[in-house]
Amino acid sequence: MARFGVEPNRELGQNFLIDDNILEVIGRTASLMPTDVVLEIGGGLGVLSTYLASRVAYLHVIESDAKLQPLLVDALEAHANAALIHADVMDVDLAALEPEPGKVVANLPYGVAVPALLRTIEELPSVTSWCVMLQREVADRLAAAPGSKTYGVPSVLAQLACEVRFERAISRNVFRPAPNVDSALVVLRRTGQAPPDRVRRLVRAAFAHRRKTLARSVELADAATDRPIERPIERQALRSALVQMGHPDDERAERLAPQEFAELAERIPE
């Protein structure tokens, strides 16, 4: 950091991994193989990047901070099997990555952890497993069960396509600067494809107003959208579908299991 004049950018949620001891934990947890093609989001100082590049067939590293590019180029110089992409992960055409990644292993920047993770689930069907470090609160949300306070959109969308496992808590001391929040290592194993657009829209609308019933929340969310909706979901259709599934018509979103959202979307007329 001193040699390249690098300072962490808190606006980008940067907490750089600096402890080599955690690398073997990540490697074992990710079940790294010499044939793996891995995607790393948020290369940071290149500590994890160099570890991965020396153990897998190919590594894609996405980093948005231009100040880190010289440092990462230097870190990866000896690894011809690594490619550095300087861009915001939300702007990268993930489907165009060649070779196709089969795993995501990353210390996810806190600011984009959830949208970046969900985007890889949706746009990279080739990825079958994830081993990621992220905020403890986010980890709890991803693995949350129906009915819990942390159960919400990330829980449902991730669990519709993956088995989510909270692996272990991570000490703040492995990062610089040490974050003000706890971190965790989470593993996801793909069990199916990402839910279609209609299901994703239903899930997001259902949790948009947590104090409202599911049907009312969806109605309010559709009304508040800044884009015209070609086929808004009717409140009565939702209520009827919930009853058909054995739920009261005034059910709340947090009481439905992930798969029930997919079933609910199928029961609503197009």
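Surface to begin with. This is a predicted model, and its protein chain exposes about 12900 Å². Carbon and sulfur atoms supply 47% of that area. As for the interior, 51% of the 270 residues count as buried.

Now the fold. The protein chain has ten helices and nine strands. Take its contacts with a separation of 6 or more: 67% of them are between residues 24 or more positions apart.

On to helix packing. Two packed helices are described by the angle between their axes and the distance between the axes.

Pair one is H4, residues 113–123, with H6, residues 153–161. Their axes come within 10 Å and cross at roughly 25 degrees. Angles under 35 degrees count as roughly parallel, so H4 is roughly parallel to H6. The crossing of H4 and H6 is left-handed. Who makes the contact? From H4, it is Val114, Leu118 and Ile121. From H6, it is Pro154, Leu157, Ala158 and Ala161. By class, that contact has seven nonpolar residues, no polar and no charged ones.

Pair two is H7, residues 197–206, with H10, residues 258–267. Here the axes are 9 Å apart, and the angle is about 110 degrees. H7 and H10 are therefore roughly perpendicular to each other. Their crossing is right-handed. H7 brings Arg198, Val199, Leu202, Val203 and Ala206 to the contact. H10 brings Phe261, Ala262, Leu264 and Ala265. The classes here: eight nonpolar, no polar and one charged.

That's it from me. Over to you.

Terms used. Residues are numbered from 1 along each chain as its sequence is written. This is a predicted model: local features need pLDDT of at least 70, side-chain atom pairs count only at pLDDT 80 or more; totals for chains, interfaces and linings use all residues. Side-chain values use heavy atoms; hydrogens and water are left out. Helices (H or I, at least four residues) and strands (E, at least two) are DSSP runs, numbered from the N terminus. Buried means under 20% relative accessible area, exposed over 50%, partly exposed in between (1.4 Å probe, protein chains only). Contact means heavy atoms within 4.5 Å. Accessible areas come from the Shrake-Rupley method with a 1.4 Å probe; for residues, only the protein chains shown count as cover. Axes are lines fitted to C-alpha atoms, for helices over the stretch in contact, and angles run from 0 to 180 degrees between N-to-C directions. Angles under 35 degrees count as roughly parallel, over 145 as roughly antiparallel, 65 to 115 as roughly perpendicular and the rest as oblique. A crossing is left-handed if the near helix is turned anticlockwise from the far one by less than a right angle, and right-handed if clockwise. Ala, Val, Leu, Ile, Met, Phe, Trp, Tyr, Cys and Pro count as nonpolar, Asp, Glu, Lys and Arg as charged, and the others, Gly among them, as polar.
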